[in-house]
Structure formats: structure tokens, C-alpha cells
Amino acid sequence: QVQLEESGGGLVQAGGSLRLSCAASGRTFSSYAMGWFRQAPGKEREFVATISWSGGNTYYADSVKGRFTISRDSAKNTVYLQMNSLKPEDTAVYYCAAQRTISTSRYYAGAAQYDYWGQGTQVTVSS
């Protein structure tokens, strides 16, 4: 089992940047594919980005492609989401998720595919 805790959210002006972190506790962080999702008020949770166990495979939602970068540091048991060129429509609570996998290259873009979730961190982008 793994526990997840997000940090790094806050208030930023449009065009600015933030880096979210997701710290994982548990013995086998390296066996997990990781993902970031977000949920804006009145909307469903949506996929943002995912990264494989090895870190070598990533996948992004079209809405963030070219602006956001997901990465992981297995030595620190942490996954990151670097968010650049932020827009007001990026405003949401951002959640980190983990799914155990036996494949080093597999990643998951569906919320239902993840068993473990953090509590979320608020990102607000002002215009």
C-alpha cells in the first residue's frame, strides 16, 4: 500500500508557473505508475498526466500538452508536475494517484484505473 501527499499548489497569475509535488510513503514506490488529475468546481475529475514505473513513458491530456511536464524521482519517492504558461482554466484541485503495476512501461489515463489517491492541492490561476 502507498500513501500520497500533494503539495505546491497556490495562487498564480496567468502565464505563471507552479510545480506540484506528490510524496509517496510505502516500500515499493518504484512499482507504481503515477498520475495527476484535476477537478474544477462543478466539473468531473479529469486526467492531466501520467508516468510509467520506469519514468520513461509519459502521456498528457491535450489541454496541457506542451505546458505541463510530469516526472518522478524514485530515490525521493516523489512525482512532480511542472506547470508552465498557466491559464485561468487550469484552476482546480489537483490530485496525485498511484497504481501498482508489474510493467515498467505501463501508464494509466483513467481515474478508475487507480487505487490510491492523495487529498489534493488547490491551484488557482488569476487572469
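Strand 1 and strand 3 pair up antiparallel over five bridges, where pairing calls for at least two DSSP bridges between two strands. Strands here are DSSP runs of E with at least two residues, numbered from the N terminus. One of the contacts in this pairing joins Leu-4 to Ala-24, its bridge partner in strand 3. The model is a predicted one, with local features needing pLDDT of at least 70 and side-chain atom pairs counting only at pLDDT 80 or more, while totals for chains, interfaces and linings use all residues. Residues are numbered from 1 along each chain as its sequence is written, and side-chain values use heavy atoms, with hydrogens and water left out.

The pair belongs to an open, antiparallel sheet of four strands, in the order 1-3-8-7. Strand 1 (3-7) and strand 7 sit at the edges with a single partner strand each, so one side of each has no neighbour in the sheet. From one strand to the next, the twist averages 15°, with axes taken as lines fitted to C-alpha atoms and angles running from 0 to 180 degrees between N-to-C directions.

Next, the core. The largest nonpolar core holds 35 residues, and Met-34, Trp-36, Leu-81, Met-83 and Tyr-94 have the most contacts inside it. Such a core is a set of buried Ala, Val, Leu, Ile, Met, Phe, Trp, Tyr and Cys residues joined through side-chain atoms within 4.5 Å. Among the strands that each supply at least two residues of this core are strand 3 (18-25), strand 4 (32-39) and strand 9 (92-100). Leaving aside neighbours within four places in sequence, Tyr-94 is in contact (heavy atoms within 4.5 Å) with residues including Leu-20, Trp-36, Arg-38, Leu-81 and Met-83.

As for charges, the structure has four salt bridges, each a side-chain nitrogen of Lys or Arg within 4 Å of a carboxyl oxygen of Asp or Glu. Arg-38 meets Glu-46 at 2.5 Å, N to O. Arg-38 is buried at 5% relative accessible area, whereas Glu-46 is partly exposed at 34%; buried means under 20%, exposed over 50% and partly exposed in between, using a 1.4 Å probe and protein chains only.

Arg-67 and Asp-90 form another salt bridge, with their closest N and O atoms 2.8 Å apart. Arg-67 lies in the loop between strand 6 (58-60) and strand 7, and Asp-90 in the loop between strand 8 and strand 9, so the pair ties together parts 23 residues apart in sequence. Arg-67 is buried at 11% relative accessibility, and Asp-90 is buried at 1%. A network of salt bridges links Arg-38, Glu-46, Arg-67 and Asp-90.
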